[in-house]
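Please open the model in your viewer and keep the selection tool at hand.

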Amino acid sequence: MSKEPSGTGRLQSLDLCCAIPDKDTYEQELKRLQLKLLTIQQAYVRDGRRAVIGFEGWDAAGKGGSIKRMTERLDPHAYKVWPIGPPKPEEQGRHWLWRIWERLPEPGIIAIYDRTWYGRVLVERVEELTPKPDWRRAYREINDFEYTLTANGARLVKLFLHVSRAEQRQRLIERIQHPLKRYKIGEPDLRNYRLRKPYERAIEDMLAETDSKHAPWHLIPAEKKWYARISALRIVTDRLAKGVDLSPSPLDEDLKRDAERSLGVKLGKDGRVKE
């Protein structure tokens, strides 16, 4: 039996002062990365590739905001966002990874998980919802799952958004005060805030036990929202683009002839109408 995991302090090593200098810089970089991700999505659709992006992080760390910016310009037919909460009645009694397998992407689809299979070693551990031998065994099950996923050709990107306790407190207060954000907060968020120390230990153990070459963790300083969003997009576009041909798809010759006949135009090889 393996020894009890112990944290390594990776959260404390993050520089939470990282920031984007100004709004213009943020918006220009956001636009550039969103366009790059759209290009990547089109290549994945063309080639039948699959991608899984997993977001973890503290409550109010900005996971939803990052996912919103990540998907703003994407074709909605070729991505899925899966919020992962407590198991539904029909999911209980099955293997705990079953509901994750059910949501894995088909060829040509990018799947984004708003919280992930790591709940087994985070909330279920801290809240004592799962016996200790089961959540300890889950580290091996997770590593096996991620290896199987990537060995089968899927790209996997795991992101953790980290904020300080003081910043998390302020954001939770803002959610309570803002009528249009109040729906985002509930008693579990406040309980998790009170349990921040046990969660820190669980997160450090998670990072130590499941950071692998084929499925590394990417820790993002999220004290500044602009910085976190840009960082998440940079990491995702870098990981998903590696080794992928992002050049535009050539115009199919049969489609070209059909379009010329149907539309009464002459088309060049690049698809542009000839004068």
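Begin with strand 4 (residues 155-162), which supplies the largest share of the lining of the second largest pocket, namely 3 residues. Helices (H or I, at least four residues) and strands (E, at least two) are DSSP runs, numbered from the N terminus. A pocket is defined on a 1 Å grid over the protein atoms alone, as an open set of points where a 1.4 Å probe fits, with protein on both sides within 12 Å along at least five of seven lines; lining residues have an atom within 4 Å of a point.

The model is a predicted one, in which local features need pLDDT of at least 70 and side-chain atom pairs count only at pLDDT 80 or more, while totals for chains, interfaces and linings use all residues. Residues are numbered from 1 along each chain as its sequence is written, and side-chain values use heavy atoms, with hydrogens and water left out.

**The second largest pocket**

Now select the whole lining: Thr150, Ala154, Arg155, Leu156, Val157, Lys213, His214, Arg239 and Lys242. These residues divide into 3 nonpolar, 2 polar and 4 charged. In this division, Ala, Val, Leu, Ile, Met, Phe, Trp, Tyr, Cys and Pro count as nonpolar, Asp, Glu, Lys and Arg as charged, and the others, Gly among them, as polar. The pocket holds about 270 Å³ of space; a volume is the space filled by probe spheres set on the grid points, which are joined across faces, edges and corners.

**The whole chain**

Of the 275 residues, 47% count as buried. Buried means under 20% relative accessible area, exposed over 50%, and partly exposed in between (1.4 Å probe, protein chains only).

**Strand 1 and its partners**

Select strand 1 (residues 51-57). How many of its residues are buried? The count is 7 of 7, and the strand is thus described as mostly covered. In a regular strand the side chains alternate between the two faces of the sheet. Here Ala51, Ile53, Phe55 and Gly57 point one way, and Val52, Gly54 and Glu56 the other.

Two strands pair if DSSP finds at least two bridges between them. Phe55 has Leu159 as its bridge partner in strand 4, and Asp114 as its bridge partner in strand 3.

**Strand 3**

Move to strand 3 (residues 110-114), where 4 of the 5 residues are buried, so the strand is largely enclosed by the rest of the structure. Strand 3 pairs with strand 1 in the parallel sense over 5 bridges. Strand 2 (residues 79-83) also pairs with strand 3 in the parallel sense, over 5 bridges; in this pairing, Lys80 stands opposite Ala111.

Most residues other than glycine have a negative phi. Select Ala60, in the loop between strand 1 and helix 2 (63-71). Ala60 has a positive phi of about 70° and is buried, with a relative accessible area of 6%. Next select Arg115, in the loop between strand 3 and helix 4 (123-126). Arg115 has a positive phi of about 75° and, at 24% relative accessibility, counts as partly exposed.

Proceed to Ser164, in the loop between strand 4 and helix 6 (165-177). Is Ser164 buried or exposed? At 17% relative accessibility, Ser164 counts as buried. Ser164 and Arg194 are 30 residues apart in sequence and 13 Å apart in space, C-alpha to C-alpha.

**Helix 10**

The last stop is helix 10 (residues 253-263), whose buried residues are Lys256, Ala259 and Glu260. Seen down the helix axis, these buried residues fall within an arc of 100° (taken from the directions from the axis to the C-beta atoms), so they line one face of the helix. The face turned away from the buried side carries the exposed residues Asp254, Arg261 and Ser262. Just after helix 10, Gly264 takes a positive phi of about 65°.
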